[in-house]
Amino acid sequence: MTRSAEDELPWPLRRALEFDERLAQGTFRASRRSPEFPRSAARMPRVNGSIGLDWGLDLSAWRLQVVGAAGDHARRSFTLDDIKALPRVEMTTELRCIEGWSTVVHWAGTRLSDLAAVTGSATCSGRPADPIGNAADLLGYAALETPDREYYVGLDMASALHPQTLLCYEMGGQPLTPDHGAPLRLVIPVKYGIKSLKQIGTIRFTDRRPADYWAERGYDWYAGH
Ligand SMILES: Nc1nc2c(c(=O)[nH]1)N[C@H]1C(S)=C(S)[C@@H](COP(=O)(O)O)O[C@H]1N2
Ligand SMILES: [Mo]
């Protein structure tokens, strides 16, 4: 009979590992959903925040860079068409800004969890992410940044892989405009708007809690509501 490395740990450590694993699985199962609205309730939100937006970005040369535990040399890059080839999801949810306003918006894009599943970048092993079946294999965090790295956000993995966390290329039934984050932005309705990073350049999955632009300026790192 072969014994796994885990079996050889002293029992208090082993118990702690098992507990962490159950906790992580519980987190993913419980994943609280943000309310959804009829599409007719959707409006176009104001443009809010333009840190790190490059108005002159060459959309044909743009690529989404995805980096996992294996590091920069194993980065994968995706064109917008690659992203659009992943399952399309539409949702009508509230964009809630920490400044006190909110707007119901209709979004279209693909789940960040679907990207994590095709790249294997979100796990320690490099296997496709399976939050329910194998939560212990997941890295702890996702870090997103604009191509110029001026704006950056950190997400805990449960929120990053939440079913309503989307990489969006359409807003209000139209392709994203540059001021709303073309060609691709994050929309994460379980968090305040500060986390919904516009114009994504790189997504990095990591075990170290990522830097976060607004957390560095005194806001709560999690920014849930
Ligand atoms: N790159 C970038 N993304 C950003 C911001 C920013 O300044 N730069 N501001 C955030 C804030 S505070 C909010 S409320 C939302 C607003 O999105 P909207 O402009 O599409 O309404 O974008 C978020 N994403
Ligand atoms: Mo905001």
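This is a predicted model: local features need pLDDT of at least 70, side-chain atom pairs count only at pLDDT 80 or more; totals for chains, interfaces and linings use all residues.
Select everything around ligand 1 and you pick up 21 residues, the closest being Arg46, Asn48, His180, Arg185 and Lys198. Now go through a few polar contacts one at a time. Click on Arg46: a backbone N or O atom of this residue sits 2.6 Å from an oxygen atom of the ligand. Ser50 also uses a backbone N or O atom, this time 3.2 Å from an oxygen atom of ligand 1. With Arg185 you want the side chain, where a polar atom lies 2.7 Å from a ligand oxygen. How much of ligand 1 does the protein bury? Taken alone, the ligand exposes 530 Å², and the protein buries 98% of that.

Next stop, the largest nonpolar core. It has 39 residues, and those touching the most other members are Leu64, Leu115, Leu144, Met157, Ile200, Ile203 and Phe205. Color the elements that give two or more residues to this core: strands S1 (64-67), S5 (141-145), S6 (152-156), S7 (166-171) and S10 (202-206), plus helices H3 (112-119) and H4 (157-160). In general, nonpolar side chains in soluble globular proteins tend to be buried together.

Zoom in on Ile203 for a look from inside. Leaving out residues up to four places away in sequence, Ile203 touches Leu64, Gln65, Val66 and Val67, along with Leu112, Leu115, Ala143, Leu144 and Leu167.

Now pick Thr103, which is found in strand S4 (residues 102-111). Is Thr103 buried or exposed? Thr103 counts as buried because its relative accessible area is 14%, under the 20% cut-off. Show its contacts, again skipping residues up to four places away in sequence, and you get Arg43, Met44 and Pro45, together with Thr93, Glu94 and Leu95.

Time for the charged pairs. A search of the whole structure turns up eleven salt bridges. As background, side chains of opposite charge can pair when their charged atoms come close.

Select Asp72 and Arg204 and look at their side chains, which meet in a salt bridge at 3.0 Å, N to O. Asp72 is in the loop between S1 and strand S2 (76-78) while Arg204 is in strand S10, so this pair ties together parts that are 132 residues apart in sequence. Asp72 is partly exposed at 40% relative accessible area, and Arg204 is partly exposed too, at 26%.

Move on to Asp156 and Lys191. Their closest N and O atoms are 3.2 Å apart, in another salt bridge. Asp156 belongs to strand S6 and Lys191 to the loop between strand S9 (185-187) and S10, so the bridge ties together parts 35 residues apart in sequence. Are these two residues buried or exposed? Both Asp156 and Lys191 are buried.

For a further pair, select Arg33 and Glu36, whose side chains form a salt bridge of 3.8 Å, N to O. Glu36 is partly exposed, with 42% relative accessible area, and Arg33 is also partly exposed, at 48%.

Finish by selecting Arg39, Arg88, Glu90 and Glu170 together. What links these four residues? They are joined in a network of salt bridges.

Notes: Residues are numbered from 1 along each chain as its sequence is written. Chains are lettered from A and ligands numbered from 1 in the order in which they are written. Side-chain values use heavy atoms; hydrogens and water are left out. Helices (H or I, at least four residues) and strands (E, at least two) are DSSP runs, numbered from the N terminus. Buried means under 20% relative accessible area, exposed over 50%, partly exposed in between (1.4 Å probe, protein chains only). Contact means heavy atoms within 4.5 Å. A nonpolar core is a set of buried Ala, Val, Leu, Ile, Met, Phe, Trp, Tyr and Cys residues joined through side-chain atoms within 4.5 Å. A residue is near a molecule or strand if one of its heavy atoms lies within 4 Å of it. A polar contact is a pair of N or O atoms within 3.5 Å; within protein, one must be able to donate a hydrogen and the other to accept it, and residues adjacent in sequence count only if both atoms are side-chain atoms. Accessible areas come from the Shrake-Rupley method with a 1.4 Å probe; for residues, only the protein chains shown count as cover.
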